[in-house]
Amino acid sequence: MLLKLDHVSKIYQTDGPPATVLADISMDIKSNEFVCVVGPSGSGKSTTLRLINGLMPPSSGSVYFKDRPMTGINLQCAMVFQNFALLPWLTVRQNIMLGLEARNVLPVDAKKKADLYIDKVGLDGFENAYPRELSGGMKQRVGLARALAIEPELLLMDEPFSALDPLTSINLREELLDIWADPNLAVSTVVMVTHNIEEAVELADRVVLIAGRPGRIVADIDIAIPRPRNKNSDGFTRYVDSIFSLMAEC
């Protein structure tokens, strides 16, 4: 088992009563899986990613990575954010090199690795461009390349396509599946948060539904459709309708 959340809860201390965001979440992630986490706003999906990454500790329960309890930031994870999170005063290459420099990779080696992943995400020719010169889709490609450049075993994605136009989103989803399936790349496992049920069924091996306040896992569904998946097929539609109905009942 690559990752395990064992009866995890998260409570935020506020000026008022404590706010319980997640209550008794248990989830296993196997190596080479693509898992999508769906659910309504405020159900704790993004908090779940941050617990997996070690950006915050659970209030109770434990998070395990390769059977070892996590006690800090998981350096085998990388995160792709919804809002791109690029530094506007740095070029494409410099933004991608940030994570490598933080890990004390020599500048010459960081540049080589950044250029490799610039090529992987289709940004050749934009190495020296600044974020203000890029479209939304290109900015997200930079965010993806930055995450991939540290060669994580587990890639975490927090609604990475929600700010993009539909066509760009479709193209990036296809490219993400190609990257995940590429045996020459280090990343083998993806956990992605999304509001889009169709997107989850298109991409995932499993869809985990978190709902309620506080958030609880209410369904864990294997998507038994071969790839590439036809959105117009009866099987695809049944999965989408089933997950939508479960969410509506919560």
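Student: Is Asp115 buried, exposed or partly exposed?

Tutor: Start with the terms: buried means under 20% relative accessible area, exposed over 50%, and partly exposed in between (1.4 Å probe, protein chains only). Asp115 counts as partly exposed, because its relative accessibility is 22%. Keep in mind that this is a predicted model, where local features need pLDDT of at least 70, side-chain atom pairs count only at pLDDT 80 or more, and totals for chains, interfaces and linings use all residues. Residues are numbered from 1 along each chain as its sequence is written, and side-chain values use heavy atoms, with hydrogens and water left out.

Student: Which residue does Asp115 meet in a salt bridge?

Tutor: The general idea is that side chains of opposite charge can pair when their charged atoms come close. For a salt bridge, a side-chain nitrogen of Lys or Arg must be within 4 Å of a carboxyl oxygen of Asp or Glu. Here the partner of Asp115 is Lys111, at 3.2 Å from N to O. Both sit in helix H3, four residues apart, about one turn of the helix. Helices (H or I, at least four residues) and strands (E, at least two) are DSSP runs, numbered from the N terminus.

Student: How many salt bridges does the structure hold?

Tutor: There are 14. One of them joins Arg206 and Glu33, with the closest N and O atoms 2.8 Å apart. Arg206 lies in strand E9 and Glu33 in the loop between E2 and strand E3, so this pair ties together parts 173 residues apart in sequence. Arg206 counts as buried at 6% relative accessibility, and Glu33 is buried too, at 9%.

Student: What about Glu127, which has no salt bridge?

Tutor: Glu127 is found in the loop between helix H3 and H4. This residue is buried, and the nearest side chain of opposite charge, Arg93, is 4.8 Å away. For charges, Lys and Arg count as positive and Asp and Glu as negative, while His and the chain ends are not counted.

Student: Which residues touch the most other members of the largest nonpolar core?

Tutor: A nonpolar core is a set of buried Ala, Val, Leu, Ile, Met, Phe, Trp, Tyr and Cys residues joined through side-chain atoms within 4.5 Å. The largest has 55 residues, and Phe34, Leu155, Met157 and Met192 touch the most other members. Helix H4 gives the largest share of this core, seven residues. Apart from it lies another core, of 26 residues, with Met27 and Ile52 among them.
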